[in-house]
Amino acid sequence: MNGRFRRRGLLWAGAITAAVLVCQGAAAAYKDDIGYTALASELGSSLPTGSNVPVTQVEAQSGNDYMPDTNDVEFAGKTFFNATGNSSGAVPHATDVGHYLYGTNSSIAPAIDSIRVYSASNWYNSGFLNSNNPGGGPSNETGRIQNHSWIGNGFSNSLRRLDYAVDRDGFVAVAGLDNSSLTPIPALMSHAYNIITVGRTDGEHSRGATTFDAAGRIRPDIVVPVAPGSLAVPVVSGAAAMLIEKASGSAALTNAAKPQCVKAILLAGATKDQFPAWDRTAARPLDAVYGAGQLNIYNSYGVLAAGQQAASATSLVGRSGWDFVGIPQGTSAWWFVEVPESNVMTRLSVAAVWHRQVTSSNPVPFLPIPFVPDFDIFLHSASNFTIGPVLDSSTSKVDNVEHIYRRYLPAGRYALEVRAVNANTNCAIAWYSRTSVVPPFTNVSMAASS
């Protein structure tokens with residue numbers, strides 16, 4: 001199976017080294033671009049750093065080697081566990097992924113200090129997924145994040161095993177795409193449902209719709225201004241670690257550490273200003289090239305910190321926030337938001353995320369049986385707490401994410417609706433908005449557009 005795995009779109013060691021050297025020189029710039037520098041300035045010593053968030057790093061082998069250089073200066077004080085267990089030397093690719101995932105200078109989560117490392121082939125087979133052993137299911141993940149900066153071929157059952165493990169163990173899995181806009185979406189791991197798929201802000205990644213295990217789902221979910229894509233993936237993993245640390249430190253925020261909530265909060269906070277052609281439709285929740293947009297940890301942290309805000313048909317919620325809620329099949333949950341008089345909501349970004357559910361008819365043999373729940377989301381105008389017309393909707397029948405993005409909503413009241421079409425599971429919803437005072441004599445009633 002080793003020949004089926006490779007580092008993401010980089011086919012020879014010289015290309016890896018050259019590409020990584022360029023990216024490391026731009027490390028500070030990427031932190032500015034994703035809102036990290038602004039967040040660090042605002043929070044100071046309260047900034048989450050990934051402390052107490054153990055991670056798993058899965059790496060394609062180079063010969064027999066797959067480990068990062070544990071003696072690297074950026075890894076001082078960190079604990080590494082070779083989960084595959086084979087004798088392995090250091091691989092530059094694994095080291096550079098480590099820089100962006102937990103490095104003390106390059107990462108946005110530099111306090112991550114517990115790292116399990118697998119070779120991709122071992123992780124795929126007996127080490128974790130047990131894809132070559134139908135007699136047993138996946139192993140248990142004790143870390144909070146799995147980082148997959150590799151691609152490969154695979155089968156539907158392998159993806160179902162990963163979705164099963166994510167839902168069972170509650171970890172965030174982050175994976176990438178190939179480093180070319182001309183290549184198809186790789187089977188592993190970006191065809192899975194219960195993960196976050198990452199592309200590049202420059203658009204040089206495989207993109208568009210999945211081709212099997214339900215065709216037509218959009219990839220990527222989010223993009224990062226780092227290249228090659230192998231290094232964009234750990235930036236999102238680092239952002240997830242920041243959110244998980246913050247959520248784990250407060251009983252009121254505990255649910256935000258769930259993988260559905262982490263994904264919804266990251267997608268809701270993503271920015272579109274970098275992409276003039278960004279678009280979505282009711283049936284296609286994400287842009288076919290840039291997903292929900294570019295990662296912005298400043299926005300996403302604000303969504304998380306705004307708190308879990310329960311659905312209510314009789315009270316308002318804040319203009320940013322999130323919830324994790326079970327909605328009976330055929331019913332809806334509602335969140336009412338107010339834009340004050342003489343204000344305009346310049347941005348409203350809403351994301352709903354839920355898991356594909358995978359079961360097995362019996363533990364041995366493990367035969368993963370998938371079921372994809374279906375939720376739809378709607379934006380309504382409202383008068384007091386009376387629902388008005390639908391202004392926008394996201395109603396994909398194949399994705400397990402829905403997304404609405406609106407600009408320039410005038411003063412007034414609005415209602416977010418999440419409708420459980422055939423659901424029997426929980427759904428995460430997150431919303432981010434930006435509101436500003438309308439200058440005198442400005443007519444914004446004509447400016448409400450998507």
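User: Which strands are joined to β7 by bridges, and in which sense do they run?

Analyst: Please keep in mind that this is a predicted model. To read strand pairing, one looks for the bridges between two strands and for their relative direction. Here, strand β5 (residues 145-148) is joined to β7 by 4 bridges, and the two run parallel. Within that pairing, A173 of β7 is the bridge partner of Q146. Strand β8 (residues 196-200) also runs parallel to β7, with 3 bridges between them. There, V174 has I196 of β8 as its bridge partner.

User: Which residues does A240 touch?

Analyst: A240 belongs to helix α7 (residues 229-248). Its relative accessibility is 0%, and because buried means under 20%, A240 counts as buried. Leaving aside residues up to four places away in sequence, A240 touches I145, V172 and V262.

User: Which members of the largest nonpolar core touch the most other members?

Analyst: A core is read by its members and by the contacts among them. The largest nonpolar core has 67 residues, and V198, I222, V236, L266 and L295 touch the most other members. Helix α7 gives the most to this core, with 12 residues. Another core, of 25 residues, lies apart from it and has V325, M345, L348 and I404 among its members.

User: What does I222 touch?

Analyst: Beyond residues up to four places away in sequence, the contacts of I222 include I196, V198, V236, L266, Y290 and L295.

User: How is a pair of aromatic rings described?

Analyst: The description uses the distance of the centres and the angle of the planes. In the whole structure, 13 aromatic pairs are found. In one of them, the ring centres of W123 and W150 are 6.1 Å apart and the planes meet at 70°, so the pair is edge-to-face. W123 lies in helix α5 (residues 120-127) and W150 in strand β6 (residues 150-152), so that the pair links parts of the chain 27 residues apart. Both W123 and W150 are buried. By contrast of arrangement, F275 and Y290 are stacked, at 4.0 Å centre to centre and 15° between the planes. Both F275 and Y290 lie in the loop between α8 (259-269) and α9 (297-305), so this pair ties together parts 15 residues apart in sequence. F275 has 5% relative accessibility and therefore counts as buried. Ring pairs also link W123, F128, W150 and F171 into a cluster.

User: Where do charged side chains sit over rings?

Analyst: One looks for a charged end placed over the face of a ring. K272 lies over the face of Y405, 4.5 Å from the ring centre. Likewise, the charged end of R413 is over the ring of F385, at 4.7 Å from its centre.

User: Which strands pair with β19, and in which sense?

Analyst: β13 and β19 pair in the antiparallel sense over 10 bridges, and W335 has L416 of β19 as its bridge partner. Strand β16 (residues 375-383) also runs antiparallel to β19, joined by 8 bridges. In that pairing, S381 is partnered by Y414. Of the 12 residues of β19 (residues 409-420), 9 are buried.

User: Is N343 buried or exposed?

Analyst: N343, found in strand β13 (residues 332-353), is buried, with a relative accessible area of 15%. A polar atom of its side chain lies 3.2 Å from the backbone oxygen of E341. Among the residues that N343 touches are P410, A411 and T435.

Conventions
Residues are numbered from 1 along each chain as its sequence is written. This is a predicted model: local features need pLDDT of at least 70, side-chain atom pairs count only at pLDDT 80 or more; totals for chains, interfaces and linings use all residues. Side-chain values use heavy atoms; hydrogens and water are left out. Two strands pair if DSSP finds at least two bridges between them. Buried means under 20% relative accessible area, exposed over 50%, partly exposed in between (1.4 Å probe, protein chains only). Contact means heavy atoms within 4.5 Å. A nonpolar core is a set of buried Ala, Val, Leu, Ile, Met, Phe, Trp, Tyr and Cys residues joined through side-chain atoms within 4.5 Å. Rings of Phe, Tyr and Trp (its six-membered ring) pair if their centres lie within 6.5 Å; planes under 30 degrees apart count as stacked, over 60 as edge-to-face and the rest as tilted. A charge sits over a ring if NZ of Lys or CZ of Arg is within 6 Å of the ring centre and within 35 degrees of the ring normal. A polar contact is a pair of N or O atoms within 3.5 Å; within protein, one must be able to donate a hydrogen and the other to accept it, and residues adjacent in sequence count only if both atoms are side-chain atoms.
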